[in-house]
Amino acid sequence: MKSTVPAESGEVLKPPLTESGILGWIKHNLFNGYFNSILTILILLVAWQLIPPFIRWTFIDSVWNTTGEACREIKGACWSIVPANLRLVIFGFYPADQQWRPLLAMIMLVGLLLYSKNRKHWKKRLLYFWLLGLFSMGMLMGGGYFGLVPVESAKWSGLPLTLMLSFFGMVAAYPLGVVLALGRRSKLMGIRSLCVVYIEMIRGVPLISLLFMSSIMFPLFLPKELNFDKILRAQAAIILFTAAYIAEVVRGGLQAIDKGQYEAAESIGLNYFQSMRLIILPQALKIVIPPSVGILISAFKDTSLVVIIALYDLLNTSKSVLANPEWMGGSTEIYIFVALIYFVFCYLMSSYSRRLEVELEYKTD
Amino acid sequence: MITDTQKESPALPEDVIIRIASMHKWYGDFHVLKDINLDVKKGERIVICGPSGSGKSTMIRCINRLEEHQKGIIEVNGIELTNDLKNIEKVRAEVGMVFQHFNLFPHLTILENLTLGPIWVRKTPKKIAEEEAMHYLEIVHIPEQAQKYPGQISGGQQQRVAIARSLCMKPEIMLFDEPTSALDPEMIKEVLDVMIELAEGGMTMLVVSHEMGFAKTVAHRVVFMDFGEIVETNEPFAFFDNPQHERTQLFLSQIL
């Protein structure tokens, strides 16, 4: 058979100049049609109005290391508020000479999280690392042993408190949410209605009201001697709240699993718990990684609501900086700084979830 | 020890392994299975055919209680199927099932798919389970795929893995629910060949299938179902060449 490929197929034809290179890209992406051309010009105009002043305010007219007095003279940002109050923002009211302890605890937590990122490390040993790590973090924060001065939990504040509330919130809420999701799909009427009532009730009230209840109403019902720690009560409220949302997401994942998977698991004789643990949940939880990380991220940010029950988390310690007359005018700067801290943690979570999704993708070729 | 069920049921011939007697099933008000009576002997191979919606899949799914029957008796290997979970699990471990859509576990390798049942249900040590799994992969002619994932192999290979997965539990009985109807034509033969080899090994098999060649080659009996009833049961050649019932004749004229 004769080949249909042209004889001079070795010759490479280049696309017309207007279709490639920078000019081609601009034409294709920014000015393809009247409407898009007008939009492009409008956006450029707005950007021209906003970005240069912002850069001037942030970098050129700003001061970085002065007293609060000096800030009143200048037009730019007063970043001095951050270094001058860093200790208060990060550690809150933890005794100044003991602040290495929460610092070390945070480093341990972040270190353990980074170590756990690698799926090759997901072995039994990791569990012991975590138990040991959590135990020593608790020791460091609370003290009272090994010559560490005891620090009551009322003084725990700032970034360690935010990390603690959100980390334990997520870690405890996730399994609880999974159990609730399974319960809501149970064939047993009692269990199912219990889970439905729980989930719908919690989702029907704002987190703030749960926090109020846990901090103000709950102690009224308990005898005086049985007074749980305030942080612990807030922590419980956050866990119970987040779990209800996780439960609904996980339920969606369970419903997405083909009925054939349940039947295949049953037909080889696996019992309910085995088939859930080995077959259904690994697949369902993988599907719901994106929405569950969404919930975990919003749970992380929602911990800032503990402000209203007078816990001093990262946001509240920053606010307390502004109560100092010397720094009263620096609210924009300090809030931008706090926003950056929140952003870094949220971004790490979402980028890790994306990586995990890619790693767990089933191989098809 | 004599259990109540054994006392009540009439003396069974020694070699009957599945007994279905006056079994009925409803979906809501819809009467799917009507008065099903079928005894299967040990080592017997039965092909079940019939138009779609005739209840043939539902019937074999009742045998390992993926579906529940509401009336009558199903006894597998001397164990009566009731709501007792213990009994259901016992029966399921003895009855292998192969599905139309394979239903392999996509997040596990082929080898892990095979060893899951033996390790978790039979409590076989992992190493022995893996050796046995490799043995069964050789029986279905794909030992070289052991470390791959289900998504990486063809439909015919997946179905053979599904057969091997059931065999790993060393079942007494194998149920096949339209094992070749989701396959491309060129893959049907490789699966049927494995099933024929299995039949030659003496396995008790109930196969829902329209593969008439297969029925003629291996079946002892062909069961024809329509509208939830067993219409006709006969030896394969008599069944195809000389169908007794009008509905059977109509059905055969449509598919042959």
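Biologist: At what angle does helix H3 (residues 85-94) of chain B run to E6(B)?

Modeller: H3(B) lies across E6 and strand E7 (173-177) of chain B, and runs at about 65° to E6(B). That compares two axes, which are lines fitted to C-alpha atoms (for helices over the stretch in contact), with angles from 0 to 180 degrees between N-to-C directions. Contact here means heavy atoms within 4.5 Å. Helix H6 (residues 155-167) of chain B also lies across E6 and E7 of chain B, running at about 170° to E6(B).

Biologist: What should I know about the model itself?

Modeller: It's a predicted model: local features need pLDDT of at least 70, side-chain atom pairs count only at pLDDT 80 or more, and totals for chains, interfaces and linings use all residues, while side-chain values use heavy atoms, with hydrogens and water left out. Residues are numbered from 1 along each chain as its sequence is written, and chains are lettered from A and ligands numbered from 1 in the order in which they are written.

Biologist: Why is E6 (95-98) of chain B called an edge strand?

Modeller: E6 and strand E10 (229-234) of chain B each pair on one side only. Two strands pair if DSSP finds at least two bridges between them. The open sheet has six strands in the order E6-E7-E8-E3-E9-E10 (chain B), with mixed pairing. Its neighbouring strands are turned by 20° against each other on average, direction ignored.

Biologist: How do you know that strand E3 (residues 45-49) and strand E9 (residues 221-226) of chain B are joined?

Modeller: Four bridges join them, and they run parallel. The rule wants at least two, so the pair qualifies.

Biologist: How much area do chain A and chain B bury between them?

Modeller: About 2100 Å², 61% of it on carbon and sulfur atoms. Buried area is the accessible area (1.4 Å probe) that two parts lose on being put together, summed over both. Ser267(A), Ile268(A) and Lys363(A) supply 28% of what chain A buries against chain B, more than any other three residues. The contact takes 23 residues from chain A and 24 residues from chain B.

Biologist: What makes Glu266(A) and Arg92(B) a salt bridge?

Modeller: Their closest N and O atoms are 3.3 Å apart. The rule finds two salt bridges across the interface of chain A and chain B. On chain A's side, H11(A) gives the most, with eight residues.

Biologist: How many salt bridges does the structure hold over all chains?

Modeller: There are 24. Among them, Arg184(A) and Glu248(A) meet at 2.9 Å, N to O. Arg184(A) lies in helix H7 (residues 159-184) of chain A and Glu248(A) in helix H10 (residues 230-256) of chain A, so the pair ties together parts that are 64 residues apart in sequence.

Terms used: Salt bridge = Lys/Arg side-chain N within 4 Å of Asp/Glu carboxyl O.
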